[in-house]
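Dear colleague,

Please find below the structure that I am handing over to you. My notes on what was found in it follow.

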Amino acid sequence: MKKLIMTLIAAASLNVSAESSKLDKCYKVEELAENIMMARQQGNSMGDLMKIAEGSKLVETIVVDAFNFDFWNSEDMKQKEVNKFKTLWFKACYENIKESI
């Protein structure tokens, strides 16, 4: 949970860091999505994750989206869901910025 908190804090600075490349921001979004889905697959509630978001609209959006995906009991399926989720968020970010790279 501490890693998740640190990742969420870092996410708040995504639009502030001018020196980061646009693609680097997508890697950060991917990591954020991965950690949120891992927390969801570990049984954390949406409310708990929203508290950690501390008003970040990006984090709140990813949290809500994570709860549109299935919760699994097997570790293999949990990891597959995490991988699918983080890939979808990276792809969405990339498609959003690819014209300006």
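**Findings: aromatic rings and helix packing**

Phe-90 is buried, with a relative accessible area of 18% (buried means under 20%, exposed over 50% and partly exposed in between, with a 1.4 Å probe and protein chains only). Please note that this is a predicted model, in which local features need pLDDT of at least 70 and side-chain atom pairs count only at pLDDT 80 or more, while totals for chains, interfaces and linings use all residues. Residues are numbered from 1 along each chain as its sequence is written, and side-chain values use heavy atoms, leaving out hydrogens and water.

A search of the whole structure gives three aromatic pairs (rings of Phe, Tyr and Trp, the last by its six-membered ring, pair if their centres lie within 6.5 Å; planes under 30 degrees apart are stacked, over 60 edge-to-face and the rest tilted). The ring centres of Tyr-27 and Phe-90 are 5.2 Å apart with planes at 35°, so this pair is tilted. Because Tyr-27 lies in helix α2 (residues 22–41) and Phe-90 in helix α5 (residues 75–97), the pair ties together parts that are 63 residues apart in sequence (helices are DSSP runs of H or I with at least four residues, numbered from the N terminus). Tyr-27 is partly exposed, at a relative accessible area of 43%.

The axes of α2 and α5 come within 8 Å and cross at roughly 150° (axes are lines fitted to C-alpha atoms, for helices over the stretch in contact, and angles run from 0 to 180 degrees between N-to-C directions). The two helices, α2 and α5, are therefore roughly antiparallel (an angle over 145 degrees). Residues of α2, including Tyr-27, Ala-33 and Met-37, meet residues of α5, among them Phe-85, Trp-89 and Phe-90 (contact means heavy atoms within 4.5 Å). By class, this contact of α2 with α5 has 14 nonpolar, one polar and seven charged residues (Ala, Val, Leu, Ile, Met, Phe, Trp, Tyr, Cys and Pro count as nonpolar, Asp, Glu, Lys and Arg as charged, and the others, Gly among them, as polar).

Helices α3 and α4 pack at about 165°, with axes 9 Å apart, and are therefore also roughly antiparallel to each other. Met-46, Leu-49, Met-50 and Ala-53 of α3 meet Val-59, Glu-60, Val-63 and Val-64 of α4.

Glu-54, in the loop between α3 (46–53) and α4 (57–66), has a positive phi of about 50° although it is not a glycine. Glu-54 counts as exposed, at 67% relative accessibility.

Yours sincerely

Note on methods
Angles under 35 degrees count as roughly parallel, over 145 as roughly antiparallel, 65 to 115 as roughly perpendicular and the rest as oblique.
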